Amino acid sequence: MRRLRWVLGPVLVGLLLAAGCGDDDAPVDDGSRPDSNEDTGADADAPGPDADADADAPEPDADADADAPEPDADADDADADADAPEPDADADAPGPDADADAPPEADGGFDGYVEVHFGTTATPPAEVLRVGTGGIVLRGVVLAPDRTIAPGEVYVGGDGNIACVAADCGGTPGASTATLVETHGVISPGLIDAHNHLAYNFLPEWVPEPPRLFRNRYEWADDPQYEAHILPYAAHRSAGTHYCPAAKWGELRSLLHGTTTVQGQSYQQACVNWGVRNADHYHGLGYDHMRTTIASVRDITDAEAADYVAAFSAPTNPTTRLAVHMTEGYDGSGVLEEFDSFAGRDPRPNRHAGTSLLIPPTSLLIHCLTMTPAQIEEARAARASIVWSPSSNWVLYGRTAPIEEFLATEGLTVAIAPDWTPSGEDEMLSEMRFGWLYGRAEGIEALTPERLWRMATVEAATAVGLEARIGRLAVGYAGDVVVFGRRGPDPYAAVLDSRAADVRLVLIGGRGMYGDAGLQAATAWNPYCEPFDACGAPKYVCVRESPTATDRRNETLSDIRTQLYNILEGIGYPPEEQYHRGDELLELVDCTR
């Protein structure tokens, strides 16, 4: 992230060197990629500025375009990409720190992000050994749930599900006639982004002027500079004219970096039912099982709590996950009372006192910067899941959640996710590297590359309630598979060390959605997939379903980009929406890192 690297990076370099990060066996921070494709430019068809970000997001537009599709009408499912309203004030709620004018200070010894590499190398190009029918067999280093298989094979059958994970899948019915690819890479389940405000991810990083930290999410959400930053999208965020291209751009950014499922597409509009799985809805793995709310959990009323409880115990299609922002901050605005309120211990009237919403295993608790040991144990006992977003936390608050305590709590599910580009890393791979670097600087031994990979796969699948179908390379699971074209002593580090240029192939339900240009003929989902330049590495990406597809699934990558450029610039919009900010469009791949 540009802000972290510019403001805080030099301090961290010294910190890491003092901690021993210059050891020969440690990842190196030399500003270059060993044996990688040279990072020379952004998307070939659309150069633009590098950026990243800091924040959380705005409320659904009450005055959406009249002809735009309406969002899903669940009253509680407010835009998960929305600015959280300030919770109700209360005389008993603790106030801010005594020195309200003093800027918050960063907590702990970690002082930001610098670029890091793990000493892995790019491998030879993948080879198509056989073009067949009835699925695809991938050969390489396989990251199975309980072991690494090297060499190994993964066979995804013609039905889009995994039919074999073994050293040799040749004996599995259908495998001998399927397409066979020697990947020369690491084969992983697709990454799962357990929390993102995806439709904001065409916006660059928000940097307040002067640069400053905040105590909680309600402070920055009310900042006029932040409101101005997101205005080109927020003015019509629930309208299809803005939401659809923005959401699809966010999905494409995820896809290009090996992510196959995301949580954060809160508006149920059919335009996003096309590519990356949406954990909120349109995931293709059963009924829509998740509800979300962006508002403060301290504002949940008696009636709303009763509605949630009824949904959790519904005899058919029960809600199995409720995603909420929890204690995103460390002081003020009642943020420290949020956990107890959610757990039914809020003494204020009409705040479901005595009715805990920590109902196993439904709670998806996002951020959790401030939790006591007793609260952590209560979350574990309720089989809650926690989503850690360290980069966004650090940019906004100068601190992050007690991740060492979370990871030390046996039975507590912990996922990692970047939050969004206005304050977090651009995508999952960068967020995983940020998490590793934070752990290295803070001496958190549990934050190994393998654990971070698990937080982005198997644990993230549990967090979003889809653990029975995704997050593992196992027979019967959906064929959401990613091949990373790097190798090293630690295959999990090879995953973390990958960029979009290294993502060799992405399958979603067995369909090739992104990959090396040399694999397109054998793996691409359809004949309409397009060429894409990933920092000098020739790729293909599948955006258009067909020229005659409905629900905007006939759009090309260029179509989507043009719509977003026009929104930022104001082309075709009224005088009050002439922003002249087209050059701020955040490209899908950052080739400077």
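Tutor: In this predicted model, the charged end of lysine 248 is placed over the ring of tryptophan 274, at 5.4 Å from the ring's centre, where "over a ring" requires NZ of Lys or CZ of Arg within 6 Å of the ring centre and within 35 degrees of the ring normal. Arginine 399 provides another such case, lying over the face of tyrosine 330 at 3.6 Å from the ring centre.

Phenylalanine 118 and tryptophan 436 form an edge-to-face pair, because their ring centres are 5.0 Å apart and their planes stand at 65°. Since phenylalanine 118 belongs to the loop between helix H2 (9–19) and strand E1 (121–122), while tryptophan 436 belongs to helix H11 (residues 428–442), this pair ties together parts 318 residues apart in sequence; helices (H or I, at least four residues) and strands (E, at least two) are DSSP runs numbered from the N terminus. Phenylalanine 118 counts as buried because its relative accessibility is 11%, and tryptophan 436 is likewise buried, at 7%, the limit being under 20% relative accessible area, with over 50% exposed and the range between partly exposed (1.4 Å probe, protein chains only).

Elsewhere, ring pairs join Tyr200, Phe202, Trp206, Phe214, Trp220, Tyr226, Tyr233 and Trp420 into a cluster. One of its members, tyrosine 200, also makes a side-chain polar contact of 2.7 Å with the side chain of arginine 237, meaning N or O atoms within 3.5 Å, one able to donate a hydrogen and the other to accept it, with sequence-adjacent residues counted only if both atoms are side-chain atoms. Arginine 237 is found in the loop between helix H4 (224–234) and helix H5 (240–256), and because its relative accessibility is 6%, arginine 237 counts as buried.

As for confidence, the protein chain has a mean pLDDT of 86, with 80% of its residues at 70 or more, pLDDT being the predictor's confidence in each residue, from 0 to 100. Local features need pLDDT of at least 70 and side-chain atom pairs count only at 80 or more, whereas totals for chains, interfaces and linings use all residues. Residues are numbered from 1 along each chain as its sequence is written, and side-chain values use heavy atoms, leaving out hydrogens and water.

Note on methods. Phe/Tyr/Trp six-rings, centres within 6.5 Å; stacked < 30°, edge-to-face > 60°.
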